[in-house]
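Subject: Structure handover

Hello,

Here is the structure I promised to pass on. Please open it alongside this note.

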Amino acid sequence: MNRSEREAAVQRIMERTPPAVPPGLSADAVRRGGRMLRRRRAALRLMWLLMFAATVAFVVWALMARPWVEPPSEVTPPLTGW
């Protein structure tokens, strides 16, 4: 297919009348879009809630376990020089 044939094909496609849009398509799209937004918002709220709960759980664990403190020695040092 050479350039003039391609241009003619494109011209024919552009001169055609666009197909008819079903009457309820816009309302369906708005309804589906609203549902998607509600689901996304609920998922984000759940994610933030889980992140907050994980942070609180970590802080409580850190306060109870005190991982920054060196544990006491379980072995006594040898007694020399008595």
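Below is what was found in it, from overall form to single residues.

First, the ground rules. This is a predicted model, in which local features need pLDDT of at least 70 and side-chain atom pairs count only at pLDDT 80 or more, while totals for chains, interfaces and linings use all residues. Residues are numbered from 1 along each chain as its sequence is written, and side-chain values use heavy atoms, with hydrogens and water left out.

**Overall form**

The protein has two helices and zero strands. Both kinds of element are DSSP runs numbered from the N terminus (helices: H or I, at least four residues; strands: E, at least two). The C-alpha trace spans about 110 × 40 × 10 Å along its principal axes.

Of the 82 residues, 2% count as buried (buried is under 20% relative accessible area, exposed over 50%, partly exposed in between; 1.4 Å probe, protein chains only). Accessible surface comes to about 8500 Å², and carbon and sulfur atoms hold 66% of that (Shrake-Rupley method, 1.4 Å probe; for residues, only the protein chains shown count as cover).

**Salt bridges**

There are two (a side-chain nitrogen of Lys or Arg within 4 Å of a carboxyl oxygen of Asp or Glu).

- Glu-7 pairs with Arg-3, with the closest N and O atoms 3.1 Å apart. Both sit in helix α1 (residues 3-15), four residues apart, or about one turn. Glu-7 is partly exposed at 45%; Arg-3 is exposed at 61%.
- Asp-28 pairs with Arg-31, again with the closest N and O atoms 3.1 Å apart. They are separated by about one helical turn because they lie three residues apart in helix α2. Asp-28 is partly exposed at 31%, and so is Arg-31 at 48%.

**Around the end of α2**

Phe-58, Val-59, Trp-61, Leu-63, Trp-68 and Val-69 form a nonpolar surface patch with about 680 Å² of accessible area together (residues with over 30% relative accessible area and no salt bridge; nonpolar side chains Val, Leu, Ile, Met, Phe, Trp, Tyr joined within 5 Å, like charges within 9 Å). Of these, Leu-63 lies in helix α2 and is exposed at 54%.

Arg-66 falls in the segment after α2 (25-65). Its phi is positive, about 45°, although Arg-66 is not a glycine. Arg-66 is partly exposed at 48%.

Best wishes
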